[in-house]
Amino acid sequence: MDAQPLYRQMADHYLAAIKAGTLPRGERMPSVRAMMRLHQVSLSTALQACRVLENEGWIEARPRSGYFVRQPCRAAILPLEEPSILKPPDPAQYVGIHARVSDFIARGRSHPVRINFSGARAAPEFYPAESLKNAAIRAVRRHPEMLVRATPPGGNAYFRAALAKRALGGGMVLSAEEITITHGCIEALNLALRAVTQPGDTVAVESPTFYGLLQILESLGLRALEIPTSATRGISVDALEMAIQAYGNIKAVVVVPHLQNPLGSIMSDADKQRLVQLCEQHGIPLIEDDTYTALADGDAPLQALKAWDRSGNVIHCASLHKILAPGMRLGWMVAGKWQARVAMLKYAQTRDNEEWSQIAAAEFLDSPDYDRHLRRLRAALRPQRERIAETIAASFPAGTRLTVPQGGITLWLELPGRLPSTHVFDAALRQGILIAPGAMFSNSGRFDAFVRLSCGARHTPEVDNAVRSLGQIVTGLLREAA
């Protein structure tokens with residue numbers, strides 16, 4: 001994979017010095033020309049590095065004086081608290097979240113929205129629309145017969161081979177035949193759960209977790225057992241092990257190991273390996289949702305849970321929806337020991353996906369353009385997270401908590417005073433601002449005072465003002481409640 005741009009490497013070099021205290025607050029940064037001489041770079045590269053640090057709030061320009069280190073407001077904001085693993089989880093329950101999620105979605109659609117912070121994808125301009133369009137045109141020109149013939153079982157061979165090649169970066173050694181193409185990751189999760197559970201079974205999930213997963217569980221008549229999950233380390237393997245011993249009836253575990261939705265946590269390799277071994281030891285299928293991995297900061301690939309799977313006990317589910325093409329709904333899965341059952345369920349449920357989008361995506365995946373796209377996408381998202389986090393720290397009242405993730409599209413923040421996020425949702429909607437309240441991400445009621453905000457839209461003064469408006473709304477609601 002291509003290295004980060006030189007200006008980003010320079011910015012990270014000085015950012016590390018700022019965080020370490022080598023360049024303390026108020027210290028004058030080396031001049032642009034000094035940077036040029038020291039790092040043997042062009043004026044443009046040195047200026048870009050300084051602008052990155054300025055945009056992210058770490059330095060400030062002073063007229064006729066140069067750049068100086070500043071302390072970002074978000075450095076003073078409290079991080080999210082670590083969950084307690086000593087408190088037993090709430091009893092497993094049929095989820096009952098369909099009506100709640102549908103209500104939020106319906107209310108959001110019934111009001112004019114000028115700023116949408118509720119989604120978990122980047123803005124359309126950050127995806128390679130022109131390149132994908134050209135690839136799709138070439139696919140139809142070269143293979144017009146695919147429009148009038150039956151689609152191959154499992155998916156297009158070229159696409160599956162391209163995915164298998166890309167999976168090597170995550171530590172997975174797969175054959176193309178092991179991969180099943182799906183309608184996004186949501187269908188892959190549906191198929192995985194249908195393959196390993198029966199109505200009434202208990203499934204362990206992260207807490208909080210993606211509301212779409214809770215909806216799947218409810219639609220399949222499954223019980224959700226929420227396991228404490230850290231905003232930095234991911235699901236607590238200790239808490240899961242205690243739950244397995246206490247309940248004895250967990251039939252599956254569903255985990256997002258990288259940039260978990262909504263927390264943004266990334267599990268360590270040690271915890272991932274231990275989780276795989278724990279589930280294998282107890283004969284519990286482990287379902288991995290690998291939707292966001294490619295959006296993690298840096299170029300070093302993260303290892304999938306599937307990389308430690310030696311028995312086929314891990315079902316790996318992934319998607320290009322967030323990272324390449326939201327409009328193509330391309331997902332895929334490797335079902336391990338349940339591959340034959342998944343193939344049967346896929347045929348019974350939706351049949352095979354159309355080929356044109358698979359061929360177009362395969363051409364892009366199989367070229368250096370894909371690496372360049374991911375690098376540009378990560379580079380675009382990083383300053384947007386930093387700037388929104390900075391505005392939150394400057395605009396929200398004391399007691400607000402926030403841990404900024406090392407990648408991804410969203411921020412998860414805790415409101416002070418246990419303020420119900422549903423109240424913020426209603427007040428923000430009246431101003432044309434749409435958010436995702438924490439009540440959507442759990443059935444336990446423990447996250448009603450949390451909010452998920454998207455950083456996927458290009459940062460503009462209007463976006464910045466909308467975040468400030470949210471801070472004013474929270475401040476006003478707290479005063480009313482006092």
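**Close-up views of a predicted model**

**View 1. The largest pocket has a volume of about 940 Å³.** On a 1 Å grid over the protein atoms alone, a pocket is an open set of points with protein on both sides within 12 Å along at least five of seven lines, and its lining residues have an atom within 4 Å of a point. Points are joined across faces, edges and corners, and a volume is the space filled by probe spheres set on them. Of the 39 lining residues, G119, A120, R121, Y211 and K322 are the closest to the pocket centre. Helix α4 gives the largest share of the lining, five residues. Helices (H or I, at least four residues) and strands (E, at least two) are DSSP runs, numbered from the N terminus.

This is a predicted model, in which local features need pLDDT of at least 70 and side-chain atom pairs count only at pLDDT 80 or more, while totals for chains, interfaces and linings use all residues. Residues are numbered from 1 along each chain as its sequence is written, and side-chain values use heavy atoms, with hydrogens and water left out.

**View 2. Here is the largest cavity, with about 100 Å³ of space.** A cavity is a set of grid points where a 1.4 Å probe fits but cannot get out. Among the residues lining the largest cavity are Q4, R8, D297, D299 and R382. Helix α13 (residues 368-395) gives the largest share of this lining, four residues.

**View 3. Meet the largest nonpolar core, with 73 residues.** Such a core is a set of buried Ala, Val, Leu, Ile, Met, Phe, Trp, Tyr and Cys residues joined through side-chain atoms within 4.5 Å; buried means under 20% relative accessible area (1.4 Å probe, protein chains only). F117, L193, I287 and I392 touch the most other members. Helix α7 (residues 184-196) brings the largest share, eight residues.

**View 4. F104 and F425 form an aromatic pair.** Rings of Phe, Tyr and Trp (its six-membered ring) pair if their centres lie within 6.5 Å; planes under 30 degrees apart count as stacked, over 60 as edge-to-face and the rest as tilted. The centres of these two rings are 5.1 Å apart and their planes are at 70°, so the pair is edge-to-face. F104 lies in helix α4 (residues 98-109) and F425 in helix α14 (residues 421-430), 321 residues apart. Both F104 and F425 are buried.

Definitions and conventions:
Buried < 20%, exposed > 50% of the residue type's maximum accessible area, 1.4 Å probe, protein only.
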